[in-house]
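Please open the model in your viewer and keep the sequence panel beside it, as this tour moves from one selection to the next.

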Amino acid sequence: MKYHQGFLSEDEFLQWKAEREEQIKLWRREALEFDKKLKEWERISKEECDFLRNLMRLDGKSQLDRTFVQALIERIEVYPGNRLEISYRFPAAKFL
């Protein structure tokens, strides 16, 4: 608008336009990053809900079933000397 009214030279207008286009590109990249983060948070939230749902099903007398173990444990490593290392999916402090 200012260019058409004669307040900006053609060079100033083209520079302003290039800056706006760069800003738009930046915002689009940021929007894509936010979408990726949102999808990851939704996935984590679903896993945590599944875990808590399984945890609430236990009555203290039940044995752990496959679904519960898969929701709770990420990895079990067995070492010589009957030593185990269990990696849980979620920090224990979240559920204490």
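**First stop: Ser87 and its contacts**

Once neighbours within four places in sequence are set aside, Ser87 is in contact with Ile73, Glu74 and Arg75, where contact means heavy atoms within 4.5 Å. Select Ser87 together with Glu74, and you will find their C-alpha atoms separated by 5.4 Å, although the two residues are 13 apart along the chain. Ser87 has its place in strand β2, and with a relative accessible area of 17% it is buried; the term buried is used under 20% relative accessible area, exposed over 50%, and partly exposed in between, with a 1.4 Å probe and protein chains only.

Before you go further, please note that this is a predicted model, in which local features need pLDDT of at least 70 and side-chain atom pairs count only at pLDDT 80 or more, whereas totals for chains, interfaces and linings use all residues. Residues are numbered from 1 along each chain as its sequence is written, and side-chain values use heavy atoms, with hydrogens and water left out.

**The whole protein**

Now colour the model by secondary structure, which shows three helices and two strands, arranged along the sequence in the pattern α-α-α-β-β. These elements are DSSP runs numbered from the N terminus, helices being H or I over at least four residues and strands being E over at least two. The protein has 96 residues, of which 8% count as buried. Its accessible surface comes to about 8800 Å², with 56% belonging to carbon and sulfur atoms, the areas being computed by the Shrake-Rupley method with a 1.4 Å probe and, for residues, with only the protein chains shown counting as cover. When contacts between residues at least 6 apart in sequence are considered, 14% of them join residues at least 24 apart.

**Along helix α2**

Select residues 10-57, which make up helix α2, and display the side chains of Glu22 and Lys25. These two form a salt bridge whose closest N and O atoms are 3.6 Å apart; a salt bridge here is a side-chain nitrogen of Lys or Arg within 4 Å of a carboxyl oxygen of Asp or Glu. Glu22 and Lys25 are separated by about one helical turn, because they are three residues apart in the helix. Glu22 is partly exposed at a relative accessible area of 44%, and Lys25 is also partly exposed, at 43%.

Arg43 counts as partly exposed at 39% relative accessibility, as does Glu40 at 34%.

Then select Asp50, which also lies in helix α2 and is partly exposed, with a relative accessibility of 26%. The C-alpha atoms of Asp50 and Phe68 are separated by 8.8 Å, and these residues are 18 apart along the chain.

Which residues make up the nonpolar surface patch of about 500 Å²? Select Ile76, Val78, Leu84, Ile86 and Tyr88, and you have the patch on display. Such patches are made of residues with over 30% relative accessible area and no salt bridge, with like charges joined within 9 Å and nonpolar side chains (Val, Leu, Ile, Met, Phe, Trp, Tyr) joined within 5 Å. Strands β1 (73-79) and β2 (83-88) are the elements that give two or more residues to this patch, and β2 gives the most, with three. Leu84, which has its place in strand β2, is exposed, with a relative accessible area of 51%.

Select Arg75 and Glu77 next, as their side chains meet in a salt bridge at 2.5 Å, N to O. Arg75 is partly exposed at 41% relative accessibility, and Glu77 is likewise partly exposed, at 24%. By the same rule the count of salt bridges comes to three.

For the last stop, turn to Tyr79 and look at the face of its ring, over which Arg83 lies at 4.2 Å from the ring centre. A charge is said to sit over a ring if NZ of Lys or CZ of Arg is within 6 Å of the ring centre and within 35 degrees of the ring normal.
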